[in-house]
Amino acid sequence: MLNNCENCGGKLSFSPKDKGNVCANCGSIFPINYSYMFNKKPFEEFRILHNTELTKSMENVRCESCGASVLLTKLQMQAYCPYCNSPTISKKNTKGIMMIDSIIPFSFSKDEAYSIFKNNINRKFYANKKIFKSITKDNLYGVYVNSFIFDMDTASTYSGMFSYSKRYKNKDGSTSIKTEYLNVNGVYDEGFKNIIIEASSNIEQSELQTILPFNFTSAVQFDVNFMYGYMLEYHDKMFDVCVKDAEKMIENSIRRSLLAKHNCDRIVSLNLNTNYYNKQYNYCLVPIYFVSTVYKDKKYQVIMNGQTGKLGKLPKSIFRVMMTIILISLGVVGIVLLSVLL
């Protein structure tokens with residue numbers, strides 16, 4: 001691990017373009033020797049091991065405003081929290097950091113992320129552009145979010161009642177919709193690959209879903225050198241908690257698949273018993289840019305996939321939404337009136 005530039009002692013930061021660390025002072029490039037690695041291990045091999053080298057090389061910073069904790073390389077200085085944009089931060093003792101299997105490096109720089117964000121938000125018709133009009137690249141923070149990536153095979157038995165809507169043509173030519181009910185039972189097997197569950201305390205699973213997917217074939221064996229200039233989420237959710245979250249996600253997917261299998265659109269009742277086997281995991285860091293700003297005394301945050309540039313959920317312009325609703329309503333009224341007149 002490099003501590004600083006070997007040529008001038010300057011500050012280093014990871015450059016996605018150069019696949020190495022670049023000195024901010026003299027421009028020297030130090031390539032990182034890496035190997036692509038995204039192997040998964042059986043659940044039985046899970047043990048809480050700590051990376052002491054990583055612990056010694058990182059500084060734990062806690063936001064006094066929102067309570068978020070992130071890790072920085074000890075040469076890195078950070079004045080604002082990536083989650084709430086607050087300048088009120090303090091250093092805390094760094095405890096053991098769990099051993100990391102893989103990391104997906106950021107594929108574009110902070111400057112490029114700023115351009116991508118501005119271009120994308122300008123193309124979003126319903127986005128509230130006023131909120132982000134005055135942001136600069138200093139409002140963007142690159143954070144590696146710790147995640148468990150799961151593979152699980154499932155074998156399920158089920159019984160219950162589904163329903164579906166069916167259109168009927170009446171004698172007068174009009175149509176009516178009737179709900180039909182169907183008793184169902186059977187077995188269902190499916191394998192699930194690369195189910196990603198965030199192990200972070202500062203980003204919700206629903207938020208993460210909005211910027212998926214990540215390309216895990218680009219994951220490499222973890223190396224702290226990829227972290228220069230970026231932050232790492234500090235808090236880890238327990239492995240068992242993340243497994244339960246993955247199983248809930250899988251069961252919801254199975255429910256949707258069963259509805260499709262029986263050509264139904266609603267579950268009235270369902271007794272689902274799912275067994276999991278061939279369970280494997282990888283503990284991986286995924287790259288996310290956080291865009292944090294304050295507008296009219298309210299804090300806003302949008303996330304961006306640091307590998308693909310995909311944006312998460314954006315705050316909407318109430319004015320544009322209401323105008324669309326009004327125009328649609330006027331259009332419907334106009335069609336009704338025209339049909340009556342004709």
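Is lysine 41 buried, partly exposed or exposed, and what is its relative accessibility? Lysine 41 counts as partly exposed, at 26% relative accessibility (buried means under 20% relative accessible area, exposed over 50%, and partly exposed in between, with a 1.4 Å probe and protein chains only).

Before going on, please note that this is a predicted model, where local features need pLDDT of at least 70, side-chain atom pairs count only at pLDDT 80 or more, and totals for chains, interfaces and linings use all residues. Residues are numbered from 1 along each chain as its sequence is written, and side-chain values use heavy atoms, leaving out hydrogens and water.

Let us follow the charged pairs. Side chains of opposite charge can pair when their charged atoms come close. Three salt bridges are found in the structure (each a side-chain nitrogen of Lys or Arg within 4 Å of a carboxyl oxygen of Asp or Glu).

One of them joins the side chains of lysine 41 and aspartate 101, at 2.9 Å from N to O. Lysine 41 sits in strand β4 and aspartate 101 in the loop between β7 (89-92) and β8 (102-103), so this pair links parts of the chain 60 residues apart (helices, H or I of at least four residues, and strands, E of at least two, are DSSP runs numbered from the N terminus). Aspartate 101 is buried, at 14% relative accessible area.

Now look at aspartate 151 and lysine 40, whose side chains meet at 3.4 Å, N to O. Because aspartate 151 lies in strand β9 (residues 140-169) and lysine 40 in the loop between β3 (29-31) and β4 (41-42), the pair ties together parts 111 residues apart in sequence. Aspartate 151 is buried, at 7%, and lysine 40 counts as buried too, at 18%.
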